[in-house]
Amino acid sequence: MRMEAPFNYRDNLLYAEDVALDSIARRAGTPCYVYSSNAILGRYRAYDRAFGDLPHKVCYAVKANSNLAVLALLARAGAGFDIVSGGELHKVLRAGGNPDDVVFSGVGKTAEEVEFALEKGIHSFNCESEAELSLIDALAARLGAKAKVALRVNPDVDAETHPYISTGLREHKFGIAMNDVEEIYSRARWLQHLELEGVSCHIGSQLLNPEPLLAALDRMLELIDRLRAKGIAIRHLDLGGGLGVPYRPSEQAPSISDYITRIRNRVSGRNLTLMVEPGRSLVAEAGILLSRVLYRKRSGEKEFVILDAAMNDLIRPSLYRAHHEILPVKRDESRGTVVADVVGPVCETGDFLARDRELANVLPGDLVAICTAGAYGFVLSSNYNARPRGAEVMVAGNGWRVVRQRESFDDLVRGEMA
Ligand code: LLP
């Protein structure tokens, strides 16, 4: 199934669903993130439907985009959530998420965070060390609760993705080595306030080839067989997130439904609930960063397009050399193209959104859409250079609303003391 693209030209004007982006820019200002609710829902449903009657939970990885409107949309659609902090749990609950559909991942959970999660009654903890198991057991004992836990296992497969977002090798800080899992689970059986109910893994992000994910699945299924043979009643397998999206027109991503169907075929009949934690594949393509061209300038041989959006708004190009397509909101082919560095106002050489890029010959005052920015965009933004963060907007059909106000100068000094 090919998903309809949420951002399309009509009469040379770029639309988000049925809303022209220039009308959003006029009223909400720039820079501004724009999300398509139907694109997010379509992707969530593609996951959910492909599982069919296999017992499953699709737990959206909140870190990818934690705007309350995104969380509320997914909560209403029936999604679960993968969180990595007490703050993310707070946001999920505020958005109407059901605590029993929440899994808590992360290598450094604090006692306060574990207690908060136990009090709210989340579904389970993905545990990354034996010390963490003991801490959860002790805190659960104090609250008279029983905590469901899954060990996060490092399946030692190479995700073949960017080194900063690859996590599944032995040398990475994440998870417990495959060889140690059985021993740790055998010892943890005596911890009275834990229910050893699952295993989990996450090998990396932005995988355009699903084979490493399926290789990890096979290793995890073998592990489950060994644990069950020892009498440890594993009920769920959490495969993490990681499915990639095309950032360039030349890239192809595996379809969500093909990927899940391949998982389902391997897992069905095993009396196992399958969980996944997709972040990027649900929201990346559903969002753009809308920005206005401030200046054009030439320096020696180089041409620069200077935008009002910068690395503090979208850090992925600076941090990972990530590629984001940049489209003009008004298309005018008679203007031709230009090869330029697309940069922002921040005082850093590393502040760029594209380098040596051929793009439409946009001029000061023109609007551009920086594409595929719905995941790891706004959440990684900052106030660097005392720049107020931009607005966030949610589109549904021909309607739209601001779902986070543009920050003000007062926001910049909140909590600070002179
Ligand atoms: N589950 C766990 C345990 C994770 O660590 C992550 C992502 C996910 C799920 C969601 O993965 P996804 O489906 O989004 O690939 N800032 C980077 C990505 C960091 C990903 C960290 N972990 C970027 O902008 O590419």
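**Arg 357**

I looked up Arg 357 and noted that it counts as buried, because its relative accessibility is 12% (buried means under 20% relative accessible area, exposed over 50%, partly exposed in between, with a 1.4 Å probe and protein chains only). The model is predicted: local features need pLDDT of at least 70, side-chain atom pairs count only at pLDDT 80 or more, and totals for chains, interfaces and linings use all residues. Residues are numbered from 1 along each chain as its sequence is written, and side-chain values use heavy atoms, with hydrogens and water left out.

I placed Arg 357 in strand 18, residues 352–360 (helices, H or I with at least four residues, and strands, E with at least two, are DSSP runs numbered from the N terminus). I then listed what Arg 357 touches, not counting residues up to four places away in sequence: His 323, His 324, Glu 325, Ile 326, Val 338, Val 339 and Ala 340. Contact means heavy atoms within 4.5 Å.

**Glu 303**

Next I went to Glu 303, in strand 15 (residues 302–307). Glu 303 is buried, with a relative accessible area of 13%. Its contacts, not counting residues up to four places away in sequence, are Arg 296, Lys 297, Arg 298, Val 338, Val 339, Ala 340 and Asp 341. I found a polar contact between the side chains of Glu 303 and Arg 298, at 3.3 Å. A polar contact is a pair of N or O atoms within 3.5 Å; within protein, one must be able to donate a hydrogen and the other to accept it, and residues adjacent in sequence count only if both atoms are side-chain atoms.

**Arg 321**

Is Arg 321 buried or exposed? Arg 321 is exposed, at a relative accessible area of 63%. I found Arg 321 in the loop between helix 11 (316–320) and strand 16 (326–328). Not counting residues up to four places away in sequence, Arg 321 touches Arg 316 and Arg 355. The C-alpha atoms of Arg 321 and Ala 354 are 8.6 Å apart, and the two residues are 33 apart along the chain.

**Ser 36**

I looked at Ser 36 in strand 4 (residues 32–36). Ser 36 counts as buried, at 1% relative accessibility. Not counting residues up to four places away in sequence, Ser 36 touches Pro 6, Glu 17, Ala 286, Met 394 and Val 395.

**Helix 2 and helix 3**

How do helix 2 and helix 3 pack? Helix 2 (residues 37–51) and helix 3 (residues 68–77) pack at about 40 degrees, with axes 10 Å apart. Axes are lines fitted to C-alpha atoms, for helices over the stretch in contact, and angles run from 0 to 180 degrees between N-to-C directions. I therefore logged helix 2 and helix 3 as oblique to each other. Angles under 35 degrees count as roughly parallel, over 145 as roughly antiparallel, 65 to 115 as roughly perpendicular and the rest as oblique.

I listed the contact: Ser 37, Ile 40, Leu 41 and Tyr 44 in helix 2 meet Val 70, Leu 73, Leu 74 and Ala 77 in helix 3. By class, the contact of helix 2 with helix 3 has 7 nonpolar, 1 polar and no charged residues. Ala, Val, Leu, Ile, Met, Phe, Trp, Tyr, Cys and Pro count as nonpolar, Asp, Glu, Lys and Arg as charged, and the others, Gly among them, as polar.

Helix 3 is mostly covered, with 7 of its 10 residues buried. Asn 67 caps the N-terminal end of helix 3, with a side-chain oxygen 2.7 Å from the backbone nitrogen of Ala 69. Just after helix 3, Gly 78 has a positive phi of about 105 degrees.

**Helix 8 and helix 9**

Helix 8 (residues 211–229) and helix 9 (residues 256–267) pack at about 20 degrees, with axes 11 Å apart. I therefore logged helix 8 and helix 9 as roughly parallel to each other. The residues of the contact of helix 8 with helix 9 divide into 7 nonpolar, no polar and 4 charged. Among those in helix 8 are Glu 211 and Asp 218, and among those in helix 9 are Arg 262 and Arg 266.
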